[in-house]
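Let's take a walk through this structure together, with the sequence and coordinates at hand.

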Number of protein chains: 2
Amino acid sequence: MPCCVAFEPLGIHADCVRGTLLHEVARNTGIALLSACGGSGTCGNCRMKIVEGTVSSPTAQEYEKLGIQEIEQGYRLACQTQILENIRVYLPPASLAIDQRLSLAGPDRAAPFDPLVEEKQLIMQPPLAYNYQADWERMAAGLQSSYGISAANPDLTVLQRLPVLLRENGWRARVSIRKTEVIDVRAPHQSPLGLALDIGTSKIAGYLVDMESGTSIGMGGIINPQIAYGEDVIQRISYAMEQGVQQLQKVLVAGINNLIEKLCSNPQRIVETTVVGNTVMHHLLLGLPVKQLGMAPYTAAVRGALEVKARDLNICSAPGAYIYLLPAIAGFIGSDHVAMILATRIHDTSKTILGIDIGTNTEIVLAHRGALWSTSCASGPALEGGNIRCGVRSVAGAIERIRLHGSEVICETVNGARAIGICGSGSIDAVAELFRADIINSRGQLMSGPGVRHNGKEKEFILVPGAENGIGEDITITQKDIQAIQLAKAAVRTGIEALLNNANITSNEIDEVIITGGFGTYIDPASAIAIGMFPDLQREKFKQVGNAAGIGARRVLMSKSQRSIAEQISSRVTYIELMQHPGFSKTFARAMYIPGL
Amino acid sequence: MPCCVAFEPLGIHADCVRGTLLHEVARNTGIALLSACGGSGTCGNCRMKIVEGTVSSPTAQEYEKLGIQEIEQGYRLACQTQILENIRVYLPPASLAIDQRLSLAGPDRAAPFDPLVEEKQLIMQPPLAYNYQADWERMAAGLQSSYGISAANPDLTVLQRLPVLLRENGWRARVSIRKTEVIDVRAPHQSPLGLALDIGTSKIAGYLVDMESGTSIGMGGIINPQIAYGEDVIQRISYAMEQGVQQLQKVLVAGINNLIEKLCSNPQRIVETTVVGNTVMHHLLLGLPVKQLGMAPYTAAVRGALEVKARDLNICSAPGAYIYLLPAIAGFIGSDHVAMILATRIHDTSKTILGIDIGTNTEIVLAHRGALWSTSCASGPALEGGNIRCGVRSVAGAIERIRLHGSEVICETVNGARAIGICGSGSIDAVAELFRADIINSRGQLMSGPGVRHNGKEKEFILVPGAENGIGEDITITQKDIQAIQLAKAAVRTGIEALLNNANITSNEIDEVIITGGFGTYIDPASAIAIGMFPDLQREKFKQVGNAAGIGARRVLMSKSQRSIAEQISSRVTYIELMQHPGFSKTFARAMYIPGL
């Protein structure tokens, strides 16, 4: 009996035979779980929660590693649990390997599969004596007679391979047709792949899809290697203005090719790639000048959707394959935002929905009565661990959860490793908890009290003493750090208010808040509300959906109708320039308080 | 007062100011005349014939170099002759430099100028604050509002240059649009160029055109560098089968790029290139396999017209420019034949016309009552100087004209240099004259008599004794050479007969015979009739028009309507396979005699 496993919040569905171990299904699906014991149930790393459906009874190892209480809550070890029917599983971040967290996918319910690239099997008659039909014309005639397809033109590389391929495979071939162009031809048994890329300023996520069945067959993530040339887009623009875009383009392409090689052994099977990213990443990938993006009026070289041959960018693919780049909205709102709207279906709702993708720049969209407004706010690097004294990215050992119980500080770290610093979600928790415990006031000022000390320059609060962490010196949050978090949360909140104000509604009218992005998946909405970053709405209204931009890229990969919807979205959205918005400064100043608005 | 000079048989028209010296006009037009004296009238190399119109009176130097008789016939020295009104001039082959002869153009009367690539000047409004239109969208809107052009997509390289170009040129630009694609963008003063290429097995000719005015601004030729890998297409195919096509493609592209650099100082201005050539050259340029072209049923990889980005072939051009390759007819009849038909307008006649392009393979077309039939015959290398003991290509010192006056042999050589061998037109003359003088019989056998000797292996006839020539040993034509010429002429004649037979007519019904190609321009039709290569028709019916294939390539460069006519021609022509034609062997055997048929 086949069973289906739905992995949340990844949004991945996988089929398996009844009785299969959960960690096997995860592994086969490309989900990288932590495991130190090789599946013997002794490390306890592969902990996950069964949300729906029946599985085998807990083993002795599970009782030992998890305890009765957790098991009663539904927690299990993937390596010990057999699947007995269709189930839904929640993977806690701590159970996922780092790579996996980079490329975390959002949910994707029943995305249509109507790819732009059509795949056809063709069986042709070999040429006889005194038959002068050329190979290409023979193939075009076959596509016409067998499938009614009028293929007007072949890619050059198809012609270069066609004569040998046809003769070696007994005049049978698999053909990839894109619009009126034959872009690829392969031996009959080689199925086509597709790749969706989400190119972020710090991370690049890739999703590999079997383009015959529409099945997701892999995902992976890498750090954007441009990090070496500057942490944020402004630094990348500065570098490009001094040194040209070529070097930044080169390292980005090399990084993407590394990711592709990690994802599949034969990139020549990739017949289509879709790309989303912010406007600067988009420009750097294409080798477009970025200087004009860095100064008013922040003009992009191009906003609309683009199709370029992968070979023109040196990106590994079938030799004739295209790369489709989704359209952007404006200089500061890139195609990743369009993809996020598409994936979360914010464009297709009669509700009032707020969509928030948090990062160095935070993009926010508001859907209200069928209209869409978007804005971008400079939330700065603090939420990604930048400009924070002990700030780190979301790497192993990063503190991502903080709770204060009296004078005790309880920290959860990524991968459960010894603490090495504090990442964005941890910082928000810290500020929220310190405020709740009256250790900081509504201005964010650290009071005197247990855990607070003066380090000579400023006050700071000790989270993990050096003796207990992985770096040997105290991990603290300083007065400056708190101020950086206040600036970031005020920027986000000001953006939200501008959109609400523009739609002439209050936050009470919001039906749903969708928080997307790798960072957004891990923040605690309660903490974000506590510090005033988000409006104070019922907890159920908040949904955290993972990397919606990547899912949007995968959707347009799998569906030409979704592609045209994405293009419509990019023209439908009204861009709100925050600095231009009436009352911007006043709102921002108020939003600096905790909780502020 | 402006005067127009028509240069025959080049088919080039040039304008000049009244009083200009003829050799200046030729030089400015890109015609390479021989000149050893630098224009002082002392070398006599730039001899040409005034066919129509008034020029200045002959100078003393001209009387000295040409003599009264030649001057009375209209001959003049270009460096001494001032143009006084519209004139027509005939350039004898001997006055043209080698380079020029390689690229000899045929006549081109009033070719239409409606290029596929449209050129537009665009003046745009710069972006103001809070205007989020991207550069490309601004340009597209400008093309729409100023010219009603819907430019759907930009080439990637256009986007890469657009932001800087617009800002450096005050938001003005020159735009090249091809169908719905913007392929190039340049500073407002940079006018576009176009290039037509005729890629022959031994020679490559290039024609440069100003794509704004349609004026021809240069032409040039080079030896096909693939010569180093085999003299004919069969040898090239063999090499490619052993070593792959890459090396052959590489040297061909390098040769073409050399030619382009000779023709223009800034190849980045070339916005479109058209290419004609036989099917093997076409395949090797594109890097297509040729093995299947070398064995029955001689299947081409592709027959139809193709458009590829010049950058995909590494050919120097504007970064976004295309190369258009004219369609072929069948494996052995390439796009050069289609271009020849187009240029000579054989497709557009109610007359009965025979078109012949002589080479190692000779292509022949017959137009009769609006139908077109073509065949290809393996005339072999003899007509191009190959497999002839003293055979040479049409280089300086090649004997190209032979007359026997009694026992005296009078030879004309290319460039008037000391004889070094005999080229195709010389060989035909030799056989014709030897037959006329009864030195060979109708079987082609050398009789005994003055000038004939036995060299130990075979009989031969001495054309130029070693003492009088440039190689120090006797230049002769041997019994074997004569047989090679007989095989070649029999092949050509058999092809002609097959076409006539197919149309069910006799040679008497032919209204016109058009002989094209570099070689065809120099043969003496009377000699070709005398040996039976051509049917015995009145001399006036024969027209020698130079490189019609190259002119056809130039036509489709200059005109999109001519391009679609070329595509129609390629489907209209019925290919006649000679070996399949009834009575082939019998006709061939009879055609071996002199004159034979």
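## A glutamine and its surroundings

Beyond its neighbours within four places in sequence, Gln292(B) is in contact with Pro163(A) and Thr299(B); contact here means that the C-beta atoms, placed from the backbone, lie within 7 Å. This is a predicted model, in which local features need pLDDT of at least 70 and side-chain atom pairs count only at pLDDT 80 or more, while totals for chains, interfaces and linings use all residues. Residues are numbered from 1 along each chain as its sequence is written, and chains are lettered from A, and ligands numbered from 1, in the order in which they are written.

Gln292(B) sits in the loop that runs between helix H8 (279-286) and strand E14 (306-309) of chain B. Helices (H or I, at least four residues) and strands (E, at least two) are DSSP runs, numbered from the N terminus. With 23 other C-beta atoms within 10 Å, Gln292(B) is buried; the cut-offs are 20 or more for buried, 12 or fewer for exposed, and partly exposed in between, with C-beta atoms placed from the backbone.

## Where the chains meet

Between the two chains, 37 residues of chain A are in contact with 37 residues of chain B. On the side of chain A that touches chain B, helix H4 (135-147) and helix H5 (156-168) of chain A each supply at least two residues. The largest share, 6 residues, comes from H5(A).

## Helix H11 of chain A

Of the 25 residues of H11(A), 19 are buried, so this helix is largely enclosed by the rest of the structure. Just after H11(A), Asn504(A) adopts a positive phi of about 60 degrees.
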